[in-house]
Amino acid sequence: MASPALFLSGILAVSTLAIPTQDPFLFDFTTCSQSDIDTWQEVSDTVRTVGMSKAVLALQTTRVFQRAVMFAVINPQPNGAGFAGMQTAMPRSAASHVTSTGLRLQVRGQGELQYWKVVLTGKDQVGTNRTDYEQKFKLQKISNREFETVDLDFSKFGAYRRGKPVKDAPPLDLANTRTFGFQTFGGVYDGYKQKGTGSLEIDSVEFY
């Protein structure tokens, strides 16, 4: 007869195997392939006649590390209007994280662009008049060229249409989100303005 210790050990082993581990990563650029990067598309102010900004997402692979880098140039209008971004389809796995608190970014900024944002768009929103859910963040360590952790609480994502807040909009519905994007901007509706060139190096985006 097996000892109680062995029997209990067997139960624990079976229980552990029966519980699947939920992948916390939405995007892990340290292990992705070039085909994953190819799914990202530019969404910049050149969709408008006066637009002059640009964004590119590239995969940087060295002998030591791998990450994604978003390069951007903001050529704003005199009032600060201008934006440059990249977006891709929201992974289906996101729907299983609706109880998560938010998104955690591992990033490093360089250059003149200190303000960025994450843009989430619902499945029912299309065209230039769509409503996006956005949260802006300021890179705190850009002057030191250091990596930093940026936490974006889902409760702090706000609804915007063409850069302006949408009143009485429903809260963000992660299960109904169609696209995920990074964007930098001129600051037309903000208390600060920015222009020029910059980059955002991205190791990962994960749920917390």
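Two strands are said to pair if DSSP finds at least two bridges between them; strands (E, at least two residues) are DSSP runs, numbered from the N terminus. In β8, the residue bridged to Y115 is K138. Strand β7, residues 115-122, and strand β8, residues 132-138, run antiparallel and are joined by 7 bridges.

The structure is a predicted model, in which local features need pLDDT of at least 70 and side-chain atom pairs count only at pLDDT 80 or more, while totals for chains, interfaces and linings use all residues. Residues are numbered from 1 along each chain as its sequence is written, and side-chain values use heavy atoms, with hydrogens and water left out.

The pair β7 and β8 belongs to an open sheet of 7 strands, with the order β2-β5-β12-β7-β8-β10-β11 and antiparallel pairing. Its edge strands are β2 (41-42) and β11, each of which pairs on one side only.

Strand β12 contains T184. This residue counts as buried because its relative accessibility is 0%, where buried means under 20% relative accessible area, exposed over 50%, and partly exposed in between (1.4 Å probe, protein chains only). The side chain of T184 reaches the backbone oxygen of Y115 at 2.9 Å. T184 also touches, among others, A72, F83 and W116, contact meaning heavy atoms within 4.5 Å.

The loop between β11 (164-165) and β12 (177-185) holds P171. With a relative accessible area of 70%, P171 is exposed.

Technical notes:
Helix = DSSP H or I, 4+ residues; strand = E, 2+ residues; numbered from the N terminus. Polar contact = N/O pair within 3.5 Å; in protein donor to acceptor, adjacent residues only side chain to side chain. Lists of a residue's contacts leave out its neighbours within four places in sequence.
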